[in-house]
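Try each task before reading its solution.

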Amino acid sequence: MKEFIAKRVARELQDGDVVNLGIGLPTLVANYIDDDKDIIFQSENGFIGIGPTPAKGDEDPYVVNAGGNPVTISKDGAFFDSATSFAIIRGGHVDATVLGALQVDKNGNLANWMIPGKLVPGMGGAMDLVVGARKVIVAMEHTNKGKHKILEECTLPLTAAGQVNLIITEMGVIEVTKEGLLLKEINKDYTIEQVQEATGTTLIIDENLKNM
Amino acid sequence: MKLITLDNLKDIVKDSMTIMVSGFMGCGTPHKIIDKLVELGVKDLTLICNDTSWTHYGVGKLIVTKQFAKVKTSHIGLNPESIRQLNEKETDFELIPQGTLAERIRSAGAGLGGFLTPTGLGTVVQDGKKIIEVDGKEYLLELPLKADVALISAYMVDKKGNCYYRGSTRNFAPIMAMAADTVIVEADKVVEVGEIQQENVVTPHIFVDYIIDGEKN
């Protein structure tokens with residue numbers, strides 16, 4: 001299911017885009033980029049041009065990703081300091097960011113950084129990414145074991161208000177619009193009723209609803 | 001002469017000081033300096049650092065030994081001891097968005113009184129902060145962050161203090177080097193002046209007070 005979501009997200013990314021992928025499912029998106037697209041992946045710890053994971057034994061301790069794990073950098077990549085990295089992010093130089101969510105709502109509010117009393121990892125770079133990236137794509141499983149994650153209004157502390165543009169799940173592709181959440185594509189394994197039932201706010205169904 | 005030994009740290013890093021430590025999940029952290037601080041047992045420190053790393057690596061070790069009274073950071077999620085100390089209220093944690101953390105440090109070093117950022121608007125991050133409107137858009141006023149001592153790491157440092165960083169180790173080091181009263185760099189290699197091409201110097205020597213030779217310490 002994660003691969004299915006990641007593949008669909010990959011199709012959203014355009015040739016030449018600067019993209020920051022969050023940890024977990026979003027990281028998989030890099031595996032499904034068409035060969036004819038040149039996507040520049042940014043790592044908020046300080047470089048552009050994240051390459052493939054190094055083979056065992058070839059790791060360079062001086063080159064790690066934002067999770068602290070060894071990665072490689074492409075020949076056309078570049079390293080920079082953290083202030084520059086976040087000038088890139090906040091300054092609108094990142095075309096798209098893909099990240100997971102605990103909750104997302106019809107106004108494009110996102111909650112993905114803490115559950116009070118339970119999980120307080122810190123926001124890391126997520127707040128800056130969601131505010132600064134030109135397009136914010138939430139990639140996640142549609143529900144948390146049946147519990148709604150797409151809501152009328154987020155109940156958990158927000159990562160950012162009104163910044164999400166697109167939600168991609170195993171059930172469909174949903175755009176955040178002024179009128180509410182617009183179901184634009186549906187996975188043909190589900191009916192509209194099933195998608196609606198798995199969603200905590202009323203979906204608007206696109207006149208030209210497509211298969212995912 | 002800026003070259004000192006790890007033993008000299010006891011005369012520089014004192015109880016209750018505010019320290020900045022470079023590194024991102026330990027990558028670019030001055031590891032030998034951290035180990036020495038563990039050994040010295042200096043305590044009640046305030047830490048400014050991107051994250052609290054893992055329990056066995058980087059500044060995470062100083063979390064385990066409870067040498068901090070306060071921690072200002074963007075992420076603690078991979079250090080269970082940080083989470084425990086936060087939940088038990090043993091240590092005071094201030095969680096700061098990473099870009100805001102970097103820019104607050106940069107502001108201190110650049111002589112700015114703060115900066116306006118859209119990051120954190122509409123979240124708990126805006127609590128207690130001024131919201132300022134510019135050209136019809138709202139921003140949070142964020143204030144500079146400085147330290148008594150910055151502890152940074154660089155791959156190659158010449159004897160004057162010019163620093164060259166390798167790979168993604170650069171992260172917070174260049175901005176921290178500008179935002180503290182005293183700056184100590186742990187060098188993977190110390191070289192003669194002239195061995196680093198001037199255009200490859202990222203942190204100029206005027207920001208560096210002391211050098212610890214990582215190969216000899």
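A salt bridge is a side-chain nitrogen of Lys or Arg within 4 Å of a carboxyl oxygen of Asp or Glu. This is a predicted model: local features need pLDDT of at least 70, side-chain atom pairs count only at pLDDT 80 or more, and totals for chains, interfaces and linings use all residues. Residues are numbered from 1 along each chain as its sequence is written, chains are lettered from A and ligands numbered from 1 in the order in which they are written, and side-chain values use heavy atoms, with hydrogens and water left out.

**Exercise 1.** Find the salt bridge between chain B and chain A.

Solution. Step one: the count is 1 salt bridge. Step two: its partners are the side chains of B:Arg166 and A:Asp60, at 3.6 Å from N to O.

**Exercise 2.** Describe the side of chain B that touches chain A.

Solution. Start with contacts (heavy atoms within 4.5 Å). Here 39 residues of chain B meet 32 residues of chain A. B:Phe24, B:Gln98 and B:Ser168 supply 18% of the area that chain B buries against chain A, more than any other three residues. That area is the accessible area (1.4 Å probe) that two parts lose on being put together, summed over both. Between the two chains it comes to about 2800 Å², with 64% from carbon and sulfur atoms.

**Exercise 3.** How much of chain A is buried?

Solution. Buried means under 20% relative accessible area (1.4 Å probe, protein chains only). Such residues make up 54% of the 212 in chain A.

Terms used:
Nonpolar A, V, L, I, M, F, W, Y, C, P; charged D, E, K, R; others polar. Buried < 20%, exposed > 50% of the residue type's maximum accessible area, 1.4 Å probe, protein only.
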